[in-house]
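Colleague: I am new to this structure and would be grateful for a close look at a single part of it. Please describe how that part is placed and what surrounds it.

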Amino acid sequence: MKFLKETKDGTLLRVYVQPKAKRNEIDGVDEWRGRLKIKVKAPPVGGKANKELIKFLSKLLGAEVVLVRGETSREKDLLVKLSAEEVKRLLKL
């Protein structure tokens with residue numbers, strides 16, 4: 001899976017975020033970008049969408065999630081403190 005990359009610190013999760021959605025949810029895989037598509041309710045103002053994304057994934061995965069790259073972009077790289085296999089299993093992919 002292109003959007004998961006195992007590192008020494010955990011798993012790098014590459015996502016494409018759609019802010020201002022009706023609800024927080026995983027919306028499949030964007031094959032062209034090689035990223036997991038995630039919708040979040042929060043608007044992209046003052047880092048609200050980033051906070052909502054991290055909160056959503058932390059709760060879903062039950063692990064610490066850190067934004068590594070893409071603070072002001074829709075394309076983000078997040079570090080999840082789990083193995084790639086564990087992330088795949090928890091995301092049901």
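Modeller: In helix α2, which spans residues 84-91, Ala-84, Val-87 and Leu-91 are buried. The arc that they cover around the axis is only 60°, so they lie on the same side of α2; this arc is taken over the directions from the helix axis to the C-beta atoms. In general, an α-helix has 3.6 residues a turn, so residues three or four places apart point the same way. Glu-85 and Arg-89 are exposed and sit on the face of α2 turned away from its buried side. Here buried stands for a relative accessible area under 20% and exposed for one over 50%, with partly exposed in between, using a 1.4 Å probe and protein chains only. Helices (H or I, at least four residues) and strands (E, at least two) are DSSP runs numbered from the N terminus.

The model is predicted: local features need pLDDT of at least 70 and side-chain atom pairs count only at pLDDT 80 or more, whereas totals for chains, interfaces and linings use all residues. Residues are numbered from 1 along each chain as its sequence is written, and side-chain values use heavy atoms, with hydrogens and water left out.

The cover over the buried residues of α2 includes β1 (4-7), β2, β3 (25-30), β4 (35-39), α1 and β6 (75-80). A contact, in this account, is a pair of heavy atoms within 4.5 Å.

Strand β2 (residues 10-18) contains Thr-11. This residue is buried, because its relative accessible area is 0%. Not counting residues up to four places away in sequence, Thr-11 touches several residues, among them Val-80, Leu-82, Ser-83, Ala-84 and Val-87. Its side chain also reaches two backbone oxygens, that of Leu-82 at 2.6 Å and that of Ser-83 at 3.5 Å. A polar contact is a pair of N or O atoms within 3.5 Å; within protein, one must be able to donate a hydrogen and the other to accept it, and residues adjacent in sequence count only if both atoms are side-chain atoms.

Leu-57 lies in α1 and counts as buried because its relative accessibility is 0%. Beyond four places in sequence, Leu-57 touches Leu-13, Ile-38, Gly-62, Val-65 and Leu-78. Ala-49 also belongs to α1 (residues 48-61), and with a relative accessible area of 9% it is buried. Among the contacts of Ala-49 beyond four places in sequence are Pro-19 and Val-40.

To return to the end of α2, the helix is followed by Lys-92, whose phi is positive, near 60°. Lys-20 likewise has a positive phi near 60°, and its place is in the loop between β2 and β3. In general, most residues other than glycine have a negative phi.
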